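Me: I have a structure open here and would like to go through it with you, a bit at a time. Can you start with the rings and then move on to the overall fold?
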Amino acid sequence: DFCLSRGLGDVYKRQVQGRRTMSQVYGRVALIGLGLIASSMFWAIKRGGLVGEVTGYARSEETRATARRIGLCDRVCDTLEDAVKDADLVVLCVPVGAMEAVARQMAGSLKPGATVSDVGSVKRAVIEAVGPHIPEGVHFVPAHPLAGTEHSGPESGFAELFDNRWSLIVPSGDPDAGAVADLRALWEGMGANVDVMDPDHHDLVLAVTSHTPHLIAYTMVGVADDLRRVTDSEVIKYSAAGFRDFTRIAASDPTMWRDVFLTNKDATLEILGRFTEELFALQRAIRTGDGDLLHDYFTRTRGIRRGILDAGQDVDAPNFGRSTKAK
């Protein structure tokens, strides 16, 4: 057994492994990839008493050592196969581009009746990559929690990450109703609102709400870096709120976002085309002095912000998320 336990004696560990109480959704859950989302899932699961035992695995020995040091997961395993063995639910928390290889490697170790899910930001590509490697008798229910920060790694997680955020369950084909219901119960138990969405529609919606905004943020920060008339010190010292927000978004994990754009290229390119058309219209309004168009446009977009606040997806506080003290 290559798994190392944290804090539980061997006898007690054998008693809790795989055992499900009335308050639990699963007896055992395996988290594959121990970054921000997996870490937050573990702490939220423990907060709610939702799972009997949580195992974890990361490819990096350094990441596994960090997870053990901070008590992340009940058992951190040194092999993928040991982590998923006898798990009722396996959640792939690795970059989208790595999911096919992980699914192929773990397929022979999944127990019959188990559910495999994921937290990827793209769904059609994940379904096509992972689906063929799911054994008969194992359920595949993709999902995507719409929550995160610009930070990554096992130490970045916290139990409240999913509170009042949306988690989308994106089943494909003819999903098992019980597997979908259990996964919904887990996400709701972790504090999330849950909805079910078609994979292709998911990818289009996320191209609008997440993927393209990230690409624009990366571009704007890159423009500032390339604009030699503005020195590095000026960019840092005099960053207004808009640019600060761009830099926060642009600090997100580069591997994850590389995979997102390569696997959701059609939807992202479609939205980028629409964005370019809108940008040209605004350029024309500025060039011709069309103040009415600009005012109407900004009024409409301000209403979208109000809708986000009314839905409880942000708070209307000054300098939200920023330090109020000069550094």
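Me: How many aromatic pairs does the structure hold?
Reply: This is a predicted model, and the structure holds three aromatic pairs.

Me: What kind of pair do phenylalanine 42 and tryptophan 43 make?
Reply: Their ring centres lie 4.8 Å apart and their planes stand at 70°, which is over the 60 degrees needed, so phenylalanine 42 and tryptophan 43 are an edge-to-face pair.

Me: And are those two buried or exposed?
Reply: Phenylalanine 42 counts as buried, because its relative accessibility is 0%, whereas tryptophan 43, at 27% relative accessibility, counts as partly exposed.

Me: What about tyrosine 297 and phenylalanine 298?
Reply: Tyrosine 297 and phenylalanine 298 also form an aromatic pair that is edge-to-face, with 6.3 Å from centre to centre and 85° between the planes.

Me: Which charged residue sits over the ring of tyrosine 297?
Reply: That is arginine 300, whose charged end sits over the tyrosine 297 ring at 5.0 Å from the ring centre.

Me: Switching to the whole chain, what is the secondary structure?
Reply: The protein chain has 13 helices and ten strands, and of its 327 residues 41% count as buried.

Terms used:
Residues are numbered from 1 along each chain as its sequence is written. This is a predicted model: local features need pLDDT of at least 70, side-chain atom pairs count only at pLDDT 80 or more; totals for chains, interfaces and linings use all residues. Side-chain values use heavy atoms; hydrogens and water are left out. Helices (H or I, at least four residues) and strands (E, at least two) are DSSP runs, numbered from the N terminus. Buried means under 20% relative accessible area, exposed over 50%, partly exposed in between (1.4 Å probe, protein chains only). Rings of Phe, Tyr and Trp (its six-membered ring) pair if their centres lie within 6.5 Å; planes under 30 degrees apart count as stacked, over 60 as edge-to-face and the rest as tilted. A charge sits over a ring if NZ of Lys or CZ of Arg is within 6 Å of the ring centre and within 35 degrees of the ring normal.
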